[in-house]
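Dear colleague,

I am handing over the structure below, together with some notes on its pockets and its ligand. Please keep it open while you read.

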Amino acid sequence: MLTGVRTVILGGDARQLEVIRKCVDMDATVSVVGFDRIADQLKGVSNEKLSVRLFESADAIVLPVVGCEEDGSVKADFTEQPLHFQHEHASALPPHCVVYTGMAKPYLQKLCDKYNLRLVELLERDDVAIYNSIPTAEGAIMMAIQNTDITLHGARCMVLGLGRTGFTLARTLQGLGANVQVGIQLREEAARASAMGWRPFMTRDLADEVGEIDLIFNTIPSMIITAQILSRMQTSAVIIDIASSPGGCDYRYAAKRGIKAILAPGLPGIVAPKTAGVIMANALVQLLMEDNPNRGEGK
Ligand code: NAP
């Protein structure tokens, strides 16, 4: 249990509702900021306005999955009020307080560094990234269906990168009957891909592999689908780029050649906010219990 753990939840989207529910279920003392539009739906929490006082006694601050922007603004779907996490808030936090988010941008990293606050990025954890790969793969497939006029069954699909998301995506495409090729860079990944029934190739040979492809799903977060690669593709091919912004495709040249290339960020929050929220909530609560081992003992 998290009895007595003072948790301040600052902004967020539908995913954060699952985090709030789970923290309340675990008996944490939960204050929420940025939820005034749905205040009557949230039970067991204290609805607050942003103030320095709120931060002075916090054990944990929970920011949205996307953290905060470079000007400190925090995305908050359930309020009209702008929210900012700033120096005055960070400096008011007690030294033991931990700041949790999904993925932190440099502003948040620097703020936490400056005030010696521990920052935990949940999406950096393997377990969270692997669970999150499931709604991500479903979202990528939704985008593929919306943007093609062929079935995925029988389509020649290429997945670039065989990491946490690439693996789940390749398996899901295979389940739909797609013809799956995977672009890898290590020999042992070739063995894994073959064992799974996918055709592996080295991404250094990508230019020779793309000629007949219907769909490319990119998970490699660096420029991989260059103009040279695009020039070898059919113009009917579609690229779904899942990699973090700015993605791995030369969008200017893709548009010039008439190839549909789509950067698709934040898929779990779009296609399955409840599942994505539960994934974050489970990881957060587990960490809060580890970080507060003497709270809620015996409860
Ligand atoms: P990951 O586990 O690190 O997977 C990336 C894979 O790409 C790794 O296996 C990496 O291999 C491989 N790779 C890198 N350069 C390569 C190259 N030149 N050739 C072949 N393989 C290469 O990361 P992930 O969790 O799957 O996430 C992938 C990307 O998707 C990230 O940018 C992440 O932020 C993003 N993402 C987006 C969404 C969304 O909604 N759009 C959701 C989840 C994740 P090494 O490890 O050997 O370098």
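β2 (29-33) and β3 (45-48) each give at least two residues to the lining of the second largest pocket; strands here are DSSP runs of E with at least two residues, helices are runs of H or I with at least four, and both are numbered from the N terminus. The model is predicted, so local features need pLDDT of at least 70 and side-chain atom pairs pLDDT 80 or more, while totals for chains, interfaces and linings use all residues. Residues are numbered from 1 along each chain as its sequence is written, and side-chain values use heavy atoms, without hydrogens and water.

By class, the lining of the second largest pocket has 6 nonpolar, 4 polar and 3 charged residues, where Ala, Val, Leu, Ile, Met, Phe, Trp, Tyr, Cys and Pro count as nonpolar, Asp, Glu, Lys and Arg as charged, and the others, Gly among them, as polar.

The ligand sits in the largest pocket, meaning that more than half of its atoms lie within 2 Å of the pocket's grid points. A pocket is an open set of points on a 1 Å grid over the protein atoms alone, where a 1.4 Å probe fits, with protein on both sides within 12 Å along at least five of seven lines, and its lining residues have an atom within 4 Å of a point.

α5 gives the most to the lining of the largest pocket, with 4 residues. A backbone N or O atom of threonine 165 lies 2.8 Å from an oxygen atom of the ligand, and one of isoleucine 242 lies 3.0 Å from a ligand nitrogen atom.

Best wishes

Notes
Polar contact = N/O pair within 3.5 Å; in protein donor to acceptor, adjacent residues only side chain to side chain.
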